Amino acid sequence: MGEQFIALSEFALDEATRAEWSHAWPHRGDLLDHLLTGPAGTDFPVDDWLQSVSRVRETMHGFERASLLAEVLGVDSEMGLEPLQLPYRAGDCWLAMDIPELDGNGAPLSIEGDKLLLATHFAGGAQLDPTVVDKTYCGILLDEWTETIPTRSETTGLAFHYDRPNAEPPQTVLLVTPPEFAGNWKWQDLIDSLHDTLDFARQRAVEPDQIDASALVTLLPATLSPVTLLPITATLNFAFNNQIYAALAEQDDE
Amino acid sequence: MNKYVVQQDIHTALFKQPRPTLVALNRVEGRPRKTDFSRALKAEVRDPLWMLSRQWQFGEFGGEDAASPVTAKIAWRTDAVTEVTTAGSTSGYSEEVPLEAEIEALPIPWRQGDRAMQGQLRMSLGRRWRKMIAAVGHGGFAGAFAAQYAFESPTAGDPADFHVTAHAGTWQFQAAVSGNAIDGGALFEHIDRGGNASDGLGLVEPALSEIDALGQVFADAVRKQFFVPDREDPAWQKRNLEYNAQLSAPDAKGGAALSAPQYRGGRLDWFHFDATEAQGASGGSALQSSSFLPVALQFEGMPHTRHWAFEEGAANFGDIAPDTTDIAKLLLIEFGLVYANDWFLLPMELPTGSLTEIAGLTVTNVFGERIWIDRAIDEAGPANSWQMFTLADSGRVDKRLFLPPTTPNAHESRPEEQVHLLRDEVSNMVWGLEKAVPMADGVSRQGSEVGRELHDRFQAHIGPVPEPTEENEARVVYRLMTDVAEHWIPFLPIRVTGSDREVELQRAAMPRLLDGDASPVPDKVRPRTWLLREGLDASTPEALFIAEEEVERAGTQVTAKWQRCRWYNGKVVTWYSRERRVGRGEGHGGLAFDVLEPKT
């Protein structure tokens, strides 16, 4: 089934759509008020819209052709289009052409969110009746497209280079208590605390290689444990682990 | 295999010491380094001192002779584009339409010679006119207008009408509408030439003046509907198959100019423009200034300056694997990873259709020092400065930002006309292959079909050709010249006037060779697209020359189409434009002379 095959299914409207339609449909004429009377006005807005859209959209070109020929050949007086704009808002303006400063209520026109603009042709005087719940309808979707309206200004960016210091605040909260309770702080105590903390931070990163040459190397790190040949005292032979690892390595080799 | 002696009596063992022994000490030494860095790079969280220790190791506590910026002040000047110049004629520009339309738009091609084209658009305008006169109570004149501005009714056997009657669909349309509908295009052309809507209808007052006034409203509506710039010369260069336009934006130093010398249609953007020498009167706007707080610039994949901070993982500079020769990639990585944190950003809201120049920028730091920020591009010129994204053409420095007033998205029609210009190395010439051809009823069709239909119609007009009665035993057929399909329009290389070496391409025509044609000189096959008819429909037909270098080896494809977009305040802009692209290679039109073929 290619493009030539068009399946038309019947559908019923749900409650929300019927409610929307019952508001939007009777007021559809109001949408065009600003175009008919405004400064950028035109006496036949929907005709003008179809004319310009037909130049670029192939299916709309086909619709325009069909409607023109239907008229000439006496099939239909005019295949008119009914413009609608959803979601419905009282005093709204049709956004398909020039947009006014003020909406139908005299308030500044604000376009909130995306709008669905619908141009429908009802064949043979058919109507949508939102009061009948289960009524089914059938139609052909000829074309759909998206339009965006540009603004008069654009946000650009100016980037500049400035060598700022690379120091960062410490990742730690330091709680300092005064070394002696003299009633108030001594500035030097505070400074010393900070220096001490930084010293501790440096010491935190000390590695065995760095104390290899110092006098304390026999004692540090103080992870010492006694080993005796005979188990006559409490002993802990760390070297035993070395043997286990050696045995495991041997196993792996095999 | 327990080699230890189990002490049964610990008291004896400890106090009598029957087996004196030495106590040795052994110890565990931690090795914080590994050949595998994966764990170290995980930045695992430990005690507070560890957090500080890592920060210290990463140099985050190092002091520098620098200060943080606190405020900045900027001064700039924005000049609007005020004029568009094409091929010597200038018109004012005030952003009524997007710049694409201002440059690209061509007059609506209503006719080919004396043949009316755009049938559907003519009819649609006719309907609008009928509704307009009906709305003011003059609907009764519709019949008179339909007679005055009628669609041509083609005559079946007339070769002059074969461009319609050879094509069933076009003929049906013309036959259906002629006499029944108003040709709104003809009415518009009449009013546009200075005529009145009522001319030739014999109306009397007050209908006469009412209809005439309405005619002006109608013509204005058509002009508003289909934009055509108010300039004598179109920006399209028929010799070079591209647009050429200059913009003028006067600033304090003079009429700053931008030039788009080789715009090929399609999407117009700032990079189509080059800054050229300032000409004309100066003007321009006053300096604007504002203060702002410098905000650190951030971009996707930018490393965070702090060690203990989570980073966005969407873009990972570390995963880029550059080759040793990818200098640009290496530069990008180095910039992104090393120098990212010294950049600041100021968002600026600027009007479109303007040239903006930053006059000055100062930054005040926490010590109250004010620092002048210079432009990255050196005034001394390109000899010692590196630049990207600037308007300068070679050898100049341009410091301005151009925001072209162009549309973000326009809808384009299918090609109304399409021509492939291709080199034919076999016949040593260039062909203009008409791929899409506009028909009189306003649709476009495939050039090959249209050409064949027209040829067949001319052939059928001659009638059946009797088979040669004389039997012969020849086994081969000699042809003086082979047939070429009618949509292949030849271009011949000729010498450019005043030059010994340069060659340009001139439009030529193939003869329409028909079997049994009695006329001594065959008709010429004429192109059916406006792209190739250029000059043919003038009162004195002019030759069409195309620069030889514009027909690339891969061929050149030129299309004409409608474009439609929305503009400021929702205005709809529709225009007819051309676009050039690279073609699809060489082709062979099948033209050959002195051919000997086996007889079939």
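Across the interface of chain B and chain A there are 14 salt bridges, each defined as a side-chain nitrogen of Lys or Arg within 4 Å of a carboxyl oxygen of Asp or Glu. One to look up is the salt bridge of B:Arg128 with A:Asp48, where the closest N and O atoms are 2.6 Å apart. Please keep in mind that this is a predicted model, in which local features need pLDDT of at least 70 and side-chain atom pairs count only at pLDDT 80 or more, while totals for chains, interfaces and linings use all residues. Residues are numbered from 1 along each chain as its sequence is written, chains are lettered from A in the order in which they are written, and side-chain values use heavy atoms, leaving out hydrogens and water.

Let us step back to the whole interface. Chain B brings 104 residues to the contact and chain A brings 88 residues, contact meaning heavy atoms within 4.5 Å. The buried area is about 9100 Å², with 55% coming from carbon and sulfur atoms; this is the accessible area (1.4 Å probe) that two parts lose on being put together, summed over both. In chain B, the residues that lose the most area to chain A are B:Arg27, B:Arg127 and B:Arg566, together 8% of what that side buries.

Now for the helices around that salt bridge. Helices are DSSP runs (H or I, at least four residues) and strands are runs of E (at least two), numbered from the N terminus. Helix H3 (residues 45-56) of chain A and helix H4 (residues 119-135) of chain B have axes that come within 11 Å and cross at roughly 175°. The axes are lines fitted to C-alpha atoms over the stretch in contact, and angles run from 0 to 180 degrees between N-to-C directions. H3(A) and H4(B) are therefore roughly antiparallel to each other, a label for angles over 145 degrees. A:Asp48 in H3(A) and B:Arg128 in H4(B) are among the residues that meet here.

The peptide bond from A:Leu86 to A:Pro87 is cis, with omega near -5°, and A:Pro87 sits in the loop between strand S2 (82-86) and strand S3 (116-120) of chain A. In chain B, B:Ala43 has a positive phi, near 55°.

Note on methods
Parallel < 35°, antiparallel > 145°, perpendicular 65-115°, else oblique.
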